[in-house]
Amino acid sequence: MLKELWKPQTWLEEQVYMLLRYHGIENPEEIDLLNLCKSYRIEVQLIVGRSRTHTHPFKQGWYLICIDSSLDPVSRRLRIAHEFGHLVLHVGVQPNSCELMIEWQESQINHFVEHLLMPFYMFERLAYKVSFYEAPKYISQVFMVPENVAKKRFDRFVSRMYAKGYSHYI
């Protein structure tokens, strides 16, 4: 595969890859969200109720990500990445924003989560280990994300391949 498939194609993707590499993260098993959050002065707690993010009530200069304890571990991981993205990228309180701004932020965060949890530069070591049809499930297992999210990311990868002139996965 050409290196161009692994290069970031957007500003957001480039920023997320810089963040990961700054922390020395080169492999899927190294994406430790709790340590990543801690390095940005963010504490993660499980709660009963809706997941949310706010300033830490007891630690000056810290934030708190509260995650619904009823979520399964893979969904929790996705939710932590989502809330972490809001803290890293956005300023202000979302409920005070207009609906269009909220939709834009949520769309941006969904892309952030894909880049953070399934960076294309990590696909190089994984590509072609399984068939086209098995790839989303394999990606889901390796990166510890829900299969529907892995499928969406894999579809983006295949689109990038086609855009770079590769006509097939295998």
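Does glutamate 83 count as buried or exposed, and at what relative accessibility? At 6% relative accessibility, glutamate 83 counts as buried, where buried means under 20% relative accessible area, exposed means over 50%, and partly exposed lies in between (1.4 Å probe, protein chains only).

Before we go further, a word on what you're looking at. This is a predicted model, in which local features need pLDDT of at least 70 and side-chain atom pairs count only at pLDDT 80 or more, while totals for chains, interfaces and linings use all residues. Residues are numbered from 1 along each chain as its sequence is written, and side-chain values use heavy atoms, with hydrogens and water left out.

Back to glutamate 83. Its side chain meets that of arginine 79 in a salt bridge, 2.7 Å from N to O; the term covers a side-chain nitrogen of Lys or Arg within 4 Å of a carboxyl oxygen of Asp or Glu. Helices (H or I, at least four residues) and strands (E, at least two) are DSSP runs, numbered from the N terminus.

A search of the whole structure turns up 7 salt bridges. One of them ties arginine 156 to glutamate 114, with the closest N and O atoms 2.7 Å apart. This pair links distant parts of the chain: arginine 156 belongs to helix α6 (residues 147-163) and glutamate 114 to helix α4 (residues 99-117), 42 residues apart. Arginine 156 is partly exposed at 33% relative accessible area, whereas glutamate 114 is buried at 4%. Arg153 joins in too, as salt bridges with shared partners connect Glu114, Arg153 and Arg156 into one network.

Now look at how α3 and α4 meet. They pack at an angle of about 115°, with their axes 9 Å apart; axes here are lines fitted to C-alpha atoms, for helices over the stretch in contact, and angles run from 0 to 180 degrees between N-to-C directions. On the α3 side, the residues in contact include Leu78, Phe84 and Leu89, and on the α4 side they include Ile109, Phe112 and Leu116, contact being heavy atoms within 4.5 Å. The residues of this contact divide into 9 nonpolar, 6 polar and 2 charged. In that tally, Ala, Val, Leu, Ile, Met, Phe, Trp, Tyr, Cys and Pro count as nonpolar, Asp, Glu, Lys and Arg as charged, and the others, Gly among them, as polar.

Lysine 59 forms a salt bridge with glutamate 43, the closest N and O atoms being 3.1 Å apart. Here again distant parts of the chain are linked, with lysine 59 in the loop between β2 (52-55) and β3 (63-68) and glutamate 43 in strand β1 (residues 42-47), 16 residues apart. Lysine 59 is partly exposed, at 36% relative accessible area. Glutamine 60 is also found in the loop between β2 and β3, and this residue is exposed, at 77%. From the C-alpha atom of glutamine 60 to that of valine 158, 98 residues apart along the chain, the separation is 45 Å.

What about disulfides? The count comes to 0, with a disulfide taken as a pair of cysteine sulfur atoms within 2.5 Å. The sulfur of cysteine 37 is 12 Å from the closest cysteine sulfur, in cysteine 66, so the two are too far apart for a bond. Cysteine 37 is buried at 1% relative accessibility, and cysteine 66 is buried at 3%.
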